[in-house]
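Keep the viewer open as you read.

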Amino acid sequence: MPKRTRFTTWRPLATAATAALLATLLTPAAAQAAPRGSEPVYSYEKAIREAVWVDTGLDGDGDGKADRVAVDIVRPREPARQGRRIPVIMDASPYYSCCGRGNESQRKTYDANGDVVQMPLYYDNYFVPRGYAFVGVDLAGTNRSDGCDDVGGRSDVQSAKAVVDWLNGRAKAYTTRAGTTRARAAWTNGRTGMIGKSWDGTIANGVAATGVKGLKTIVPISAISSWYDYYFQQGAPLYDSGPEWLSDYVNSPDAREKCGAVQQKLVDGAPRTGDRTPLWTERDYVKAAKKVKASVFLIHGMQDLNVRMKHVGQWWDALAKHGVERKIWLSRTGHVDPFDFRRATWVDTLHRWFDHELMGYDNGIDREPMADIERRPDQWSTSKVWPPTGTRATTLRPGRGTQAGVGTLGLDRGHGTEDFTDDPKLSETDWAAQIDKPTPEKAGFVTGPLTRDLRLSGSSEATVTATPSTPTAHLSAVLVDVGPDTIRDYADAGEGITTLTNRTCWGASTAGDSSCFKEAKAKTADVDYTVVSRGWADLGNHASDGKGSPLTPGKRYTITLDLAATDHVVPKGHRLALIVAGTDRGLIDPPADTPKLALDLSRTSADVPFVGGPAAFARATAGAALTPPVAALLDGVREPRTTHRVPEGTQ
């Protein structure tokens, strides 16, 4: 269960301002009714716009001077005039100059004095009139900051942590990049919430994992929890490049000239062997979850093939273990911001979350269901806790069928072997499309049509025992819902959304910063199957997740693959399938060899978290007659798009 927030006794700034206004307009009885949220009572047009440079205490670019990161601030003028201190919403990003933020790729723009004119996204437009300051931080090495971007390492995290320290009076800042005039944050009470999508949300995770005082909440959207798991999974490489490419991509031209040493450290510390090194340990926020003091509101797409759902499962479980207050939204999209798939509900929910966490409003959001889950496009359900109470891992076992490679899936231990040969030209969509056909590149195992709905919730594991024919082999394990459905087309360029031309407005605007953004709607596909969870591994990592070794052809090995977290209901009449195969094209790189593998069914299984546990699976499969294999090719989404190298992706 989440721990409850202990409400403070200080009176929120917006509450005081709004209550004073209401008191002049309403009867005495009505005036005493306190508002349940902050209101847009301050001028956005007259807001203070300023820049400071915060000293990080590091010298990443090796120029003999401490790096300073640029911090652009938009804050309401009225509270400062009255001597009132306000909370901060912060987005620390490497993208403000190189690539842009949001669905419309907005970049920061500046006036002649160097103060921000356009702050990307709607956060400042919406929240500044409601009594918040918005702070946009350029990570070290990007845009107007000194230093070098080190892709989730000490420099990245310190870029934002130093700003939280400055907001709480513990760090130095200056009015210019190289000057000596100090800037102080006397206008804030230090209570800070961090938000951001992808790399930005990743930095929020990393800063929270330092336990820094003053950071009260984070809202990571599609965010990384361990950078090793962005580039590898259990030794299997997910990309054809390392973090040095990404650092070079976001560094400013000035930083590229100075950051050769940092680039080389990234190359040396991240070998393509897939072995865990100290570089990856530094960038693993999950191991530091016990330090997290901030509450966490996590949002992720269950079909995100860029920052994959493994990041959610391991981070969420670690936070739960340490009693962190948390909330979660899980959509059926890919790498998409909730502003583009559930806009009105999202803005309202985020508003209430920040009001509760940063301004102290008792608006009840902490007593609402912990999880919102998209079941079908734009159809949402809730769970009081997540995963739901009564969810238990159930061991499913593959068995031989009447044809080679077309087997059964149930509770009874199987016998014998199934063979398959890695084909790097094929992907999970090819395997699932031919689940009922004997094909040489996969081993598939399927239940009969379910007699009632069956819900998976949480992270799964697949234990695979296989004998390879070569010294290298990669494995994939995939859970598939086999049955007709209409889903978000996560393999499309929009990853489940279509951007429209009409705009809606969220907050106040100025001539240089509009609060109006293009609407989006669900992009759907009619399919015969849906991949609901995936996992990959290098079989050479059978003895250790952190280090691989060559295989002995003809020798049997056992490895347990982590399958990504999900929340999915397999409807009555559909079938649940487990597929074991080799290279998943577009999602992992192939091994050096092209192995044939013999799967030992008696030592292969999948532990799947069902709501209701083994009894629920038994009820749902009771009387489910196995259907004879069919020759028809099943329709699904297209093959996953070319692998992303940038966490932000296309959104």
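Strand β3 (residues 86-93) runs parallel to β8 and is joined to it by 4 bridges; strands count as paired if DSSP finds at least two bridges between them. Within this pairing, Val88 has Thr192 of β8 as its bridge partner. The model you are looking at is predicted, so local features need pLDDT of at least 70, side-chain atom pairs count only at pLDDT 80 or more, and totals for chains, interfaces and linings use all residues. Residues are numbered from 1 along each chain as its sequence is written, and side-chain values use heavy atoms, with hydrogens and water left out. Helices (H or I, at least four residues) and strands (E, at least two) are DSSP runs, numbered from the N terminus.

How enclosed is β8 by the rest of the structure? Strand β8 (residues 188-197) is largely enclosed, because 9 of its 10 residues are buried. Here buried means under 20% relative accessible area, exposed over 50%, and partly exposed in between (1.4 Å probe, protein chains only). Strand β9 (residues 215-221) also runs parallel to β8, and 6 bridges join the two.

Together with helix α6 (residues 199-208), β8 and β9 make a right-handed β-α-β unit. Right-handed means that, with the strands pointing away from the viewer, the path from the first strand over the helix to the second runs clockwise. Helix α6 also packs with helix α5 (residues 154-167) at an angle of about 75°, their axes 9 Å apart. That makes α5 roughly perpendicular to α6, a label used for angles of 65 to 115 degrees. The axes are lines fitted to C-alpha atoms over the stretch in contact, and angles run from 0 to 180 degrees between N-to-C directions. In this packing, Asp156, Val157, Ala160 and Lys161 of α5 meet Trp199, Ile203, Gly206 and Val207 of α6; contact means heavy atoms within 4.5 Å.

Next comes helix α10 (residues 260-269), where Val262, Gln263, Leu266 and Gly269 are buried. These four lie on the same side of α10, because they cover an arc of only 140° around the axis, taken from the directions from the helix axis to the C-beta atoms. An α-helix has 3.6 residues a turn, so residues three or four places apart point the same way. The buried residues of α10 pack against α8 (243-250) and α11 (278-282), while exposed Ala261 and Asp268 sit on the face turned away from the buried side.

Of the 15 residues of β20 (residues 454-468), 12 are buried. Strand β26 (residues 575-581) has 7 of its 7 residues buried. Both faces of β26 are covered, with Arg575, Ala577, Ile579 and Ala581 on one side and Leu576, Leu578 and Val580 on the other.

| Strand | Antiparallel partner | Bridges | Example pair |
|---|---|---|---|
| β20 | β25 (residues 557-570) | 12 bridges | Leu454 and Val570 |
| β20 | β28 (residues 605-611) | 4 bridges | Thr463 and Ser605 |
| β20 | β27 (residues 596-600) | 3 bridges | Ala466 and Leu599 |
| β26 | β19 (residues 442-446) | 5 bridges | Val580 and Ala443 |
| β26 | β21 (residues 474-488) | 7 bridges | Ile579 and Val478 |

Notes: Parallel < 35°, antiparallel > 145°, perpendicular 65-115°, else oblique.
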